[in-house]
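Reader: I've got this one open on my screen and would like to talk it through. Can you take my questions one at a time?

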Amino acid sequence: MNSKLQLITKGFVKDNPTFVLLLGMCPTLATTTSAINGLSMGLATLFVLVLSNMAISAIAPVVPDKVHIPVYIVVIATFVTLLQFLMQAYTPGIYATLGLFIPLIVVNCIVLGRAEAFASKHSIGDSALDGLGVGLGFTLSLTVLGAVREILGSLSIFGWKIPGTGDGMLAFVMAPGAFICLGYLMVLFNKYLAKK
Amino acid sequence: MAVQSNLKNMVLCLFTTCLVCSAVLAGVYALTAAPIAQTNAQLLQQSVGAVLPEGGELSEAKDLEVGGQPSEYYILSENGQDKAYAVKSTVVGFGGPLVLMVGVTADGKVYNTSVLSHTETPGLGAKCTTDEGFMAQWKELDPAVKILKVKKDGGDIDAITASTITSRAYTLAVQNAIDAVKGMGDASTGASVKPKEEMENEQ
Amino acid sequence: MEILLIIVSAIFVNNIVLAQFLGICPFLGVSNKLSTASGMSLAVCFVITLATLVTYLLNKYLLVPLGLTFLQTIAFILVIAALVQMVEIVLKKVSPSLYQALGIFLPLITTNCAVLGVAINVVTKEFTFGLPSHMLGLGEAVLYAFATSLGYGLAMVIFAGLREHLALSDVPKPFRGVPIALITVGILAMAFMGFSGIA
């Protein structure tokens, strides 16, 4: 039981995909202009991660070794496209904001990485938990980064404007702020890990 | 672990995967096509409705040349008479295309405007969708009274602070929409006029 | 004039790394040395231009006429993967010296989101380039892809140069490695923002 719980929680700090493993940098930087956007991108990736992990763990035993990468990519791309349809139909606003980065989940190294390293060798249930754990870790870091950038850049949090404040430091909403913010968050993370 | 690879099972496996995945996607596509179309229609309805007066019947999208490029518009009619038009107007803003929906009443006044899509700088030009002062001045604006240029260029439009290029582009988009409606000829019998030819005559 | 606009806009104004956040992983991964950075840039340049040409034609003459645009993502990634593999095989046969220079980077490129990103952008997005917004034609699309990848190379080479200097400086411990690199890219991105509005 304990190990199952560990599957889920390891993505938060120890194997955090963003701060420790440095995976999936592109969506991390591009979509975290606000906490909500970061959260949505995280959840979208989580959705694909869990489903593709499960599917890949189911088919892995019958896939010939030499073609396993293309097969995994096709499976992942299928779930990504599925997600695109669902988002277009039911959450068009978020779909428009995240734009290109939804189809780009296909080439997010986290998804293929988990398929290769975990799902292809474990049971469907464990793979689902692993996808959930890594996905939650990713979502958490994106939300934190989005929240920090939103507070600094537009002085609001989850779209709620901090009363009595002005415009904020625009640079943090734009491209340079993404890099700088993530850099400093990593510094804090490193300090915290070093202390432990 | 994995199965030993040989040409037959590799081809078979790839082929089956592609087939199954395509089939799944085709199925989901067929299922979600209707909701997606509905959502898109709803979004359009909202953007068109926001720039037009209430009441009356909205037409389907019709072709119209706005600012020298193909675009579209919608007619709001009441009791068989054209009441207002919603014109989609695209110009080049600071960061890329700026697409507006401009509501123009039959007597040639602007009823309201809204931004359909833009790529302006967040916090600067992007304020054209949030700056209340800037947005309010388009509401029921009469081009016969106000000069459609930003104040820097000798007009009556208050630009967004530090975003003159976006404000100029926005103003041009509205002007293009008004001109396009004018180009349709007698607005009250607009339905009988062929917009494209009229535009060419004007030029 | 439009050609110039496409080139300036793709290289400087909307730089693929510094403004569009595409291809960050290899950007951070192989920019430690100037020589590897330029090798990777060349390989990316080659693959992005070729992949855009092929996916553009595939989309226009196969997916759209057959109403299969819902297979776009799958089809594009498969084409890119196959293309990278083919480039690798052909290079090995035709030009062993070029293969030695680019070979080790090629397998990394399939999962470089810059390639898929540009391919999808070109067929779904409207661009302006001084004209009213429009979908790109084949020539423009290829030119845009080529210029974009030049922008990738430019950012990569500048950054590798900076990092070579950074390696010699005394950086506080928690900042070492990726964090200081990210902060440096941030400042570089700020410099590139100075180009915005000119195209």
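Reader: Looking at contacts in chain B with a separation of 6 or more, what share comes from residues 24 or more positions apart?
Author: Keep in mind that this is a predicted model. Contacts here are pairs whose C-beta atoms lie within 7 Å. Taking those in chain B with a separation of 6 or more, the share from residues 24 or more positions apart is 49%.

Reader: And how much of chain B counts as buried?
Author: The cut-off for buried is 20 or more other C-beta atoms within 10 Å. Chain B has 203 residues, and the part of them that counts as buried is 37%.

Reader: In which sense do strand 2 and strand 3 of chain B pair?
Author: Strand 2 of chain B covers residues 62-66 and strand 3 covers residues 69-78, with five bridges between them. One facing pair is B:D63 and B:E72, the latter in strand 3. The sense of the pairing is antiparallel.

Reader: Which residue in that hairpin takes a positive phi?
Author: The hairpin of strand 2 and strand 3 of chain B has two residues between the strands. The one with a positive phi, near 60°, is B:G67.

Reader: Over in chain C, is the crossing of helix 3 and helix 7 left-handed or right-handed?
Author: Helix 3 (residues 34-63) and helix 7 (residues 113-124) of chain C have axes that come within 9 Å and cross at roughly 35°. The handedness of this crossing is right-handed.

Reader: How many charged residues are in the contact between those two helices of chain C?
Author: Helix 3 of chain C brings residues including C:V44, C:I48 and C:Y56, while helix 7 of chain C brings C:V115 and C:V118 among others. By class, the contact has eleven nonpolar and three polar residues, and the charged count is no residues.

Reader: Which helix supplies the largest share of the side of chain A that touches chain C?
Author: That contact joins 32 residues of chain A with 32 residues of chain C. On the chain A side, helix 2, helix 4, helix 6 and helix 8 each supply at least two residues. The largest share, eleven residues, comes from helix 8 of chain A.

Reader: How many residues of that chain A side are nonpolar?
Author: Four residues of the side of chain A that touches chain C are polar and one is charged. The nonpolar ones number 27.

Note on methods:
Residues are numbered from 1 along each chain as its sequence is written. Chains are lettered from A and ligands numbered from 1 in the order in which they are written. This is a predicted model: local features need pLDDT of at least 70, side-chain atom pairs count only at pLDDT 80 or more; totals for chains, interfaces and linings use all residues. Two strands pair if DSSP finds at least two bridges between them. Helices (H or I, at least four residues) and strands (E, at least two) are DSSP runs, numbered from the N terminus. A residue is buried if 20 or more other C-beta atoms lie within 10 Å of its own, exposed if 12 or fewer, and partly exposed in between; C-beta atoms are placed from the backbone. Two residues are in contact if their C-beta atoms, placed from the backbone, lie within 7 Å. Axes are lines fitted to C-alpha atoms, for helices over the stretch in contact, and angles run from 0 to 180 degrees between N-to-C directions. A crossing is left-handed if the near helix is turned anticlockwise from the far one by less than a right angle, and right-handed if clockwise. Ala, Val, Leu, Ile, Met, Phe, Trp, Tyr, Cys and Pro count as nonpolar, Asp, Glu, Lys and Arg as charged, and the others, Gly among them, as polar.
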